[in-house]
Amino acid sequence: MSTINAQDINDAVLYSEGEIQGSARFRGLSGAFGALGGDLSAININPAGSAVFTNSYASFTLANSNIKNKTSYFNGINTDSNSNINLQQAGGVFVFKNTNDDSPWKKFTLGIAYDNTKDYEDDWFAKGINTNSIDSYFLNNAQGLRLDEISALPGETTSEAYAGIGSAFGYVNQQAYLGYDSFILEPDTYDDDNTNYSSNIASGTFNQEYEYAATGYNGKVAFNFGAQYDDNLYLGINLNSHFLNYERSTFLYEQNNNAGSIVNQVGFENTITTNGNGFSFQLGSILKVTDEFRLGVSYNSPIWLTIEEETTQYLETVRDEAGSNVLQIVDPRIVNVFPSYKLQTPAKFTSSLAYVFGEKGLISFDYSTKNYGNTKFKPTSDSYFSALNNDIGNELTTASTYRIGGEYKLKQLSFRGGYRFEESPYEDGKTIGDLNGYSLGLGYNFGNLKLDLAFDQSKQTSDYQLYSTGLTDSATIDAVKSNVILTLGFQL
């Protein structure tokens, strides 16, 4: 077991992104609920929304989610899709009306609501011909390191050497050890103090295949308190418990027929498992300016997360030795345990307005901002985290989100639609691009029972960098995410 550091900016964005996915009515309006309330998922946008309920209410939501990826990598284009069914939302709110008619406080509400805030279920495949090899990853990690700090001691097994190097010298040395033990790296001399290395893979072209598979989710449980003051003001607060579960596996296969190349095939696998928990709070209010026009404002505090990560690695090569192909397997079978660390995500501000056409329908608009440059790895006194936080401040920026939704009622039947636009959190606007999405929905009110159905779809392009150093080429992914959402709600 070894303790190492290897977090990067992509982790900061990965764990800081996420919006309430929520109930079918919420999704049918593309989440534009900040000035409306009266929906359990809306409570997670503006906690004052619980005070809009006139009666105690509960609901739960299931969704069938599908993601279709079109991946471009040099001359290769591939298409993959993945579907899963999950619980999106569940909870209830209890309404307590004030029996004192002389008090301006009309009612109080207590609620608990679970929402899925991010679904990590995803897989894709990239294939293409590159002029850069995976050898540059191992070379970049090895150059400048002593040979005796990246190689096994006499009599050591692969597992013992990998674990010992990680514990004594850290992650970078481990990567260099993998490259050396697999015969990808060749030291200038075999002296312990050697610090210069070359590659046994000759330059030329390389057929590369890269597989990506991820699973997991972010979840949030909100403990809500709301109140209605007089006839026009609603107030609320959420105390939120967050939990994170994420697992990602990648595998690179590279093959070459370059003249002078000793190593002709490489297979490199990396798996990471992440678990975390955290806390945040929200404050919100809704003002009914007139019977028709409403304004909402809310503040989401940063999420203070404590995260634990584990990784495993596997490397195999095929080399030419006296005209014969020799398979070399470096399989440490060691779990790298990263020191637990803290991550502070950026705060979010939301302003909302809505116009309600009596019993006929409504139109609603939300605007949110989140400065991803404020994301912090902690402790900030750690030199690695300090440098990483500086890079975050330079590469990430403030991202705005716009949501608009409408609903039209015809007796017990409701028709819904919406649109949302989310800006990229990156300064370059390419690492993760802007997101565009739309939604449609239907609802039927049976009286004490409500049934809602929605469909939404979003499109986003991103550049996925294969490795943090050396082989830093990117696969471009055009992702289309579609969801069918069903919610059952009932008065308590």
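1. Helix 1, spanning residues 9–16 of this predicted model, is mostly covered. Seven of its eight residues are buried: Ile 9, Asp 11, Ala 12, Val 13, Leu 14, Tyr 15 and Ser 16. The buried set therefore includes Asp 11 as well as Ile 9, Val 13 and Leu 14, each being under 20% relative accessible area.

2. After helix 1 comes Gly 18, which has a positive phi, near 125 degrees. Gly 18 is also among the contacts of Thr 117, a residue of strand 3.

3. Thr 117 has a relative accessible area of 13%, and because buried means under 20%, Thr 117 counts as buried. With neighbours within four places in sequence left aside, Thr 117 is in contact with Gly 18, Glu 19, Ile 20 and Gln 21, and also with Asn 218, Gly 219 and Lys 220.

4. A nonpolar patch lies on the surface, with about 1100 Å² of accessible area together. Its members are Phe 94, Phe 96, Leu 110, Ile 112, Phe 223, Phe 225, Ile 237, Leu 239, Phe 279, Leu 283, Trp 304 and Leu 492.

5. Which strands each supply at least two residues of the patch? They are strand 2 (76–97), strand 3 (105–119), strand 7 (206–229), strand 8 (233–255) and strand 9 (263–288). Strand 3 is also where Thr 117 sits.

6. Phe 225, one of the patch residues, belongs to strand 7.

Terms used:
Residues numbered from 1 in each chain as written. Predicted model: local features only at pLDDT ≥ 70, side-chain atom pairs only at ≥ 80, totals over all residues. Heavy atoms only, no water. Patch = residues over 30% accessible without salt bridge, like charges linked within 9 Å, V, L, I, M, F, W, Y side chains within 5 Å. Areas by Shrake-Rupley, 256 points an atom, 1.4 Å probe, with all protein chains shown as cover. Salt bridge = Lys/Arg side-chain N within 4 Å of Asp/Glu carboxyl O. Helix = DSSP H or I, 4+ residues; strand = E, 2+ residues; numbered from the N terminus. Buried < 20%, exposed > 50% of the residue type's maximum accessible area, 1.4 Å probe, protein only. Contact = heavy atoms within 4.5 Å.
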